[in-house]
Amino acid sequence: MTLALISFVGVTLLEMLLWLPSAWRWRKNLARLMGLGVTVTSALVIGRFPNLLAALIVTLSAYRVINLIRIADGQTQADYLFHVARKTSLWLIGLQALLGVFAGLHALYNIGALPYLYLLGFTQLGIAIILLSSTRRHLRTTKPPVITEAYADRDLPTLTVAIPARNETEELQRCLESLVASTYPKLEILVLDDCSQERRTPEIIRNFAQNGVTFISGSVPPDAWVAKNHAYQQLVDKASGELLLFCGVDTRFEPDSLRVLVETLLEKKKTMLCVMPENIVPTSVQALLVQPSRYAWELTPPRRWLQRPPVLSTCWLITASALHGA
């Protein structure tokens, strides 16, 4: 076994030690070191073994590094981050180990590359067919219906738009400008200042008070809460609408958007509606990669087998009765 493989395996074992409770307290510094180690050893592996299997192993290493960066960044509540990142790490390491076994068999029995290419090609074709079928089904079933019933203003339920905001400026300003221009007749807008260090955030919210926007001062989440869920709960406690719409500050609404969403919910006779917004032209690498990846993840896998419909937290509407009864 070469030095490159020994180093790669060593770093992988060290990463698994990160999930020990005694090591988790130093997770940020350890994650940074592990991310650097995975990057260096992966480069050594692909340099020493420039073949297809090594390339696949290194591709998985890129996702491992992203997972470690998330730990080092530490923006998510610690308990939730531990469980989610650990699961992702173990899956990635497991897949790399499986590819390593194939690579070992390839070297041991001197199997040529052509059978692997055929196997890889047919596997990709099969997966592509499954994903294409799943995506077409999701696009068909999630297509907005034609509204067949006209709803008078008096027949529409009251609606609360709930927005958590932290250290926001221009994005929050534009979001609220689009909401106060809404034509929905029974509208309440709540914005939670989620412990912002940026003083401009509460100032923006209060500037819209004359337009009916209510300012809520958020509190620090308890240890058992995910920060965003705690922000949502504080908004729910203040909401008075029969329907609640949760959205991020980067969401923009046309004047009739809220009415269309509510009428669609009523037309479909559902208790919850999730919206996949139309993306504007990305202005950053993160926006170019992250949002399309989220949308692809929600639309392409065959979620019917998992009994889980496509769901995004960007903008979602739910009846208050269903939310309180959950």
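In what order do the six strands of the open sheet run? The order is β3-β2-β1-β4-β6-β5, and the pairing is mixed. This is a predicted model. Its chain comes to 12 helices and six strands. Of the 326 residues, 36% count as buried.

**Sheet**
- The edge strands are β3 (213-217) and β5 (272-274), each pairing on one side only.
- Neighbouring strands are turned by 20° against each other on average, direction ignored.
- β2 (residues 187-193) pairs with β3 in the parallel sense, over five bridges.
- Leu-190 stands opposite Thr-214 in β3.

**Helices on the sheet**
- Helix α7 (residues 170-180) packs on the sheet and touches β1 (159-165), β2 and β3. The direction of α7 makes about 165° with that of β2.
- Helix α9 (residues 227-238) lies across β1, β2, β3, β4 (243-247) and β6 (315-319). α9 runs at about 140° to β2.

- Gln-96 sits in helix α5 (residues 78-109). Gln-96 counts as buried because its relative accessibility is 5%.
- The side chain of Gln-96 makes a polar contact with the side chain of Ser-61, at 2.8 Å.
- Leaving aside residues up to four places away in sequence, Gln-96 touches Phe-8, Ile-57, Leu-60, Ser-61 and Arg-64.
- Arg-64 also meets Glu-15 in a salt bridge between side chains (2.6 Å, N to O). The pair links helix α1 (residues 3-17), which holds Glu-15, to helix α4 (residues 52-73), which holds Arg-64; the two residues are 49 residues apart.
- Glu-15 is buried at 1% relative accessibility. Arg-64 is buried at 1% relative accessibility.

**Other salt bridges**
- The count comes to five salt bridges.
- Arg-252 forms one with Glu-171, with the closest N and O atoms 2.4 Å apart. Arg-252 lies in the loop between β4 and α10 (257-268) and Glu-171 in helix α7, so the pair ties together parts 81 residues apart in sequence.
- Arg-252 is partly exposed, with a relative accessible area of 35%. Glu-171 is partly exposed too, at 33%.
- Arg-259 bridges to Glu-263, the closest N and O atoms being 3.1 Å apart. Both lie in helix α10, four residues apart, about one turn of the helix.
- Arg-259 counts as buried at 19% relative accessibility, and Glu-263 at 13%.
- Asp-153, Arg-259 and Glu-263 are linked in a network of salt bridges.

**Chain totals**
- Among contacts with a separation of 6 or more, 76% come from residues 24 or more positions apart.
- The accessible surface is about 19700 Å², and 62% of it belongs to carbon and sulfur atoms.

Methods
Residues numbered from 1 in each chain as written. Predicted model: local features only at pLDDT ≥ 70, side-chain atom pairs only at ≥ 80, totals over all residues. Heavy atoms only, no water. Pairing = 2+ DSSP bridges. Axes fitted to C-alpha atoms, helices over the stretch in contact; angles between N-to-C directions. Contact = heavy atoms within 4.5 Å. Buried < 20%, exposed > 50% of the residue type's maximum accessible area, 1.4 Å probe, protein only. Areas by Shrake-Rupley, 256 points an atom, 1.4 Å probe, with all protein chains shown as cover. Polar contact = N/O pair within 3.5 Å; in protein donor to acceptor, adjacent residues only side chain to side chain. Salt bridge = Lys/Arg side-chain N within 4 Å of Asp/Glu carboxyl O.
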